[in-house]
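Please look over the sequence and the model below, and read the briefing that follows alongside them.

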Amino acid sequence: MTAAAPATMPGQPRRAWLPYLAAAAGLVSGLLALWAFGVDALDRAFSAGGGSLDWVDGLAPIAALLGAVAALLAPALGFALMAAAALAGVVSSIFGGLAGQAALITLAVPSGVGAVFSLVGGAEERAARENRPLGHIPSALRDSAFAAIVALALFGPLVGLRTTAGTAENLTILYRWGQVAIFVGIVFAGRLLLHLFVWRTGQAKRVAGPRAPRVTRTIPFAGYISGALLLALGIALPIFMINFYPDNGRYVVEVGILVLTYVMLGWGLNIVVGLAGLLDLGYVAFYGIGAYSYALLAAHFGFTFWLCLPLAGILAAFWGMILGFPVLRLRGDYLAIVTLAFGEIIRIVLRNWQSLTGGPNGLLNIPRPSFFGLLEFKNGGEGSFADFFGLQYSPVQRVIFLYYLILGLALVTNIVTLRIRRLPIGRAWEALREDEIACRSLGINTTNTKLTAFAIGAMFGGFAGAFFATRQGSISPESFNFVESATILAIVVLGGLGSQTGVVIASIVMIGGVELLRQLSELKVLFGEDFDPAQFRLLIFGLVMVAIMLWRPRGLVSTRRPSVFLGKGKSVSGAFVKEGHG
Amino acid sequence: MSRWQTDPILTIEHLSMRFGGLVAVDDLGFSAGRGDITALIGPNGAGKTTVFNCITGFYKPTSGRIALAHEPSAFERLAAATESGRRIAAGGSLFLLERMPEYEIAQKARVARTFQNIRLFGGMTVLENLMVAQHNRLMVASGFTVGGIFGLSAYRAGNRAAIDKASYWLDRMGLLDRADDAAAELPYGAQRRLEIARAMCIDPILLCLDEPAAGLNPRETGELGDILRMIRDEHALSILLIEHDMQVVMDISDHIVVLDYGRKISDGTALAVRTDPKVIAAYLGVAEEEEAAVIAELEG
């Protein structure tokens, strides 16, 4: 190894305050532990030392003693090491880095462990002396420590080790134990806080499982308000952003377009998965079919976007039926697997049919949309948008137009879906999800009903695909891989099956949130200069999913709004609504 | 002559249903009279529900004919066609159920059914359950969705009529105040009544009830008898019923068919069946050596 230290070496001045923070925390926790329990424990340990001390009895005070000592010593040791690091830093940045990291570990780990031991040991000691069972806090600490160990095992290899290209073009491993410590600390603290403030009254953990279903209740007015607010926000966003943030307003509007595309796709898939209860893992195929339909029709026949939009929808619906036929008899897992395969087939065909689709390179130079076929978005000249309205040309105009276009398309999807829910076909979809055999006994042709669900869901996917193609200007098969299907499905599931508002919220969180993550340069202060939040988006994705499934197992909006009322409208608790079984 | 012989609505001839080696229904034949309440009884595993599933199209019978006639004259046509040996063209008011898929049996032949283990749309409201049952009529009213999306008045009128029909049945079943509650939220007895109301919303000619009194308390069982009689008398309907509660069966049935091991062992009025030694033997059992004697005596 040469003296040229990597720029990302830990222990740089920028993060130098971190060990101090850890040291301070360790100091405080050690003192707290001593103050709370440790004095008793020490007292007992010393007094018992002369008497009959069997080791089980003595274990708690000894643990407490050791913990307290460790908690007090660790910061001191840490400070010493840091001083050494600072000194060594002058001599060699490598040694300095290593020493700094060592200091961080020496601080974080023993002081944390020591604090935990002293707290637990002291409490056990006190509980033993007062002849009562161990209380809430020690068990909470134990549980949190266990969670922290699990987190350590998880994050250790995931976050702690990172391979990078070394100086001699070889792979070297970059150790990031500091970040591991931070993650583990977050898990420990979070678990402890949950124990202290959320899972009250001594039960260490809330028993997972179905809660008693709540009785149907009147639809909250807030339900309507939130929809109206979201719509108002959607309409106002580009106007607001472009006027007040001319610098990065365009970026926000682009993100808005992306979010709205996923909202539309989520609403389309919601018909198939949320209403009809048919688990479709290959929805992105219809998105791809819509995109390629537009690109090919425009390239070969010179059709405009406004002509291709309905054609793309119709073609996607047609393919939805083609998929529908073979899977009619399948249910549940089998249906999911076949739809997954269908999605992959479409993608692979697009990639390999070189002569038609351009293969992996995809199709380029897809015509951009015009202003409803009347005006072009170009720089000046006859028939341009800017010229006609007497505006200064700006590329933002097209972006804003695309934004309102996808907003309009998404709203059409929403309005049609909401209307269909109140029509017999929509009720039949929901009935199909609830009980297919009962449907057949009532004279409902389940074949046609399923095919309609597939076709209409696919149609909206096709519309969104045509929009995607015209927005991008170029498409390739890799835009339509399984991860896209999974994302759309995750949006539908997290939002709450069958809920329109839920899809919007989930899209904003999942798509907008990830984009936001890219922008959070503030996190670099905490996690180091080499920390790229966007790299963690799948991890965060997963965490969000786990969290939502734990706290809201039926999605964000789990109640179902009935399609028809006799008296006052009430919403149906999600506990009664079935997910369907394919 | 009884009504099920002179004026049947449903005739089953030589019906057999095999599942692999198991013969669930074996060469069964019986008729159900127009406007009668016909009960199908028998010990567990006698094949009653299998017969129901064959009638309503959920099973395709291995062999046999199940004919339903909306008009009495249709059976004469059927008899003539059988005599001539030509293939029978179903149509008009004659339906050969063994040839039809289950949704057409409900939609065209207008045979409604309920299930032994209640099958409601639990996450939908009580009213929605009854609206789903009127699917086919509403599909036409909504112009197969296209007209409905654009809010044509025909659909609004059709929707209004469907709600009125649903309200009528909810009122008759004493469920009107629960109309906007989730079906799964109702107590068990109310769910049974809702399932009957839902079946009635398809305007059936023949209503098949699979153990409607199962799990009901004595008061609810009494009410069920009244409801069934009311339905039959006010709505020109025939009812086919599987039931284990002999009180209900004896009280309301005009005609009882007894099955055992997939064969018919007795057929007649409540009084005739109750005193039939074969039925007593099937239900109470007889010692094996006596059984042969009983059968010999009966057949001899």
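Buried residues make up 46% of the 300 residues in chain B, where a residue is buried if 20 or more other C-beta atoms, placed from the backbone, lie within 10 Å of its own, exposed if 12 or fewer do, and partly exposed in between. In chain A, 44% of the 582 residues count as buried. This is a predicted model, in which local features need pLDDT of at least 70 and side-chain atom pairs count only at pLDDT 80 or more, while totals for chains, interfaces and linings use all residues. Residues are numbered from 1 along each chain as its sequence is written, and chains are lettered from A, with ligands numbered from 1, in the order in which they are written.

- Chain A has 20 helices and four strands, whereas chain B has 14 helices and 10 strands; helices (H or I, at least four residues) and strands (E, at least two) are DSSP runs numbered from the N terminus.
- In chain B, 68% of the contacts between residues at least 6 apart in sequence join residues at least 24 apart, a contact being a pair of residues whose C-beta atoms, placed from the backbone, lie within 7 Å.
- For chain A, residues 24 or more positions apart account for 74% of the contacts with a separation of 6 or more.
- Taken along the principal axes, the C-alpha atoms of chain B fill a box of roughly 70 × 50 × 40 Å.

**Two domains in chain B**

- The domain assignment of chain B gives domain 1 (1–110 + 204–273) and domain 2 (121–202), with bounds that come from an automatic or database assignment.
- The C-alpha centres of these two domains of chain B lie 26 Å apart, and 11 residues of domain 1 are in contact with nine residues of domain 2.
- On the side of domain 1 of chain B that touches domain 2, the largest share, three residues, comes from α10(B).
- By class, that side of domain 1 of chain B has seven nonpolar, two polar and two charged residues, where Ala, Val, Leu, Ile, Met, Phe, Trp, Tyr, Cys and Pro count as nonpolar, Asp, Glu, Lys and Arg as charged, and the others, Gly among them, as polar.

**Where chain B meets chain A**

- Across the two chains, 34 residues of chain B are in contact with 37 residues of chain A.
- The largest share of the side of chain B that touches chain A, five residues, comes from α5(B).
- That side of chain B has 16 nonpolar, 11 polar and seven charged residues.

**A buried tryptophan in chain B**

- B:Trp169 lies in helix α8 of chain B and counts as buried because it has 21 C-beta neighbours inside 10 Å.
- Leaving aside neighbours within four places in sequence, B:Trp169 is in contact with B:Leu130, B:Ala197, B:Met200 and B:Cys201.
- B:Trp169 and B:Cys201 are 32 residues apart along the chain, and their C-alpha atoms are separated by 7.7 Å.
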